[in-house]
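Thanks for coming, everyone. Let me put the model up, and then we will walk through a few spots together.

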Amino acid sequence: MGRARKHRVEFCLDDYEYEVLQRNFKASGCNSMRDYIFEMCRRGYILNVNYDGLKNVSYELNAIGTNINQIAHRANADGYNNAMLLALSNQCREMQKIVAFAFRKY
């Protein structure tokens with residue numbers, strides 16, 4: 001069970017201060033004003049990160065990894081040949097490009 005909070009804090013704001021507080025609260029992504037104020041008191045900032053671009057990178061990396069595994073499995077079963085190793089090398093280069101491009105954006 002969480003710790004008991006026994007100290008209540010109240011304060012008044014003028015219209016401008018209240019508007020700023022509301023705007024910052026909405027931009028923070030917090031679920032409640034209480035959560036927003038509490039996090040601001042604890043940390044002094046709220047980090048709101050959008051991971052949508054990284055989800056796409058993760059999907060692409062997974063697809064490339066699957067392809068590499070298929071090539072490696074076939075190479076181990078049938079014996080190695082230059083075409084398979086070249087395909088594997090190309091997949092690795094493609095993965096490096098995707099990762100480098102994704103992290104350049106962030």
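Start with Glu17, which sits in helix H1, residues 15–28. Keep in mind that this is a predicted model. Is Glu17 buried, exposed or in between? Its relative accessible area is 39%. Buried means under 20% and exposed means over 50%, so Glu17 is partly exposed.

Now a nonpolar patch. Val9, Phe11, Leu13 and Tyr18 form this one on the surface. Together they have about 420 Å² of accessible area. Take Phe11, in the segment before H1. Phe11 counts as exposed, because its relative accessibility is 53% and the cut-off is over 50%.

On to H3. This helix covers residues 52–78, which is 27 residues. From first C-alpha to last, H3 reaches 40 Å, close to the expected 39 Å. Which residues of H3 are buried? They are Gly53, Val57, Ile64, Ile68, Ile71 and Ala75. After H3 comes Gly79, with a positive phi near 95°.

Last stop, Phe101. You will find Phe101 in helix H4, residues 82–105. Phe101 is partly exposed, at 49% relative accessible area. How far is Phe101 from Tyr51? In sequence, they are 50 residues apart. In space, they are 15 Å apart, C-alpha to C-alpha.

That's my tour. Over to you.

Terms used. Residues numbered from 1 in each chain as written. Predicted model: local features only at pLDDT ≥ 70, side-chain atom pairs only at ≥ 80, totals over all residues. Heavy atoms only, no water. Helix = DSSP H or I, 4+ residues; strand = E, 2+ residues; numbered from the N terminus. Expected span 1.5 Å × (residues − 1). Buried < 20%, exposed > 50% of the residue type's maximum accessible area, 1.4 Å probe, protein only. Patch = residues over 30% accessible without salt bridge, like charges linked within 9 Å, V, L, I, M, F, W, Y side chains within 5 Å. Areas by Shrake-Rupley, 256 points an atom, 1.4 Å probe, with all protein chains shown as cover. Salt bridge = Lys/Arg side-chain N within 4 Å of Asp/Glu carboxyl O.
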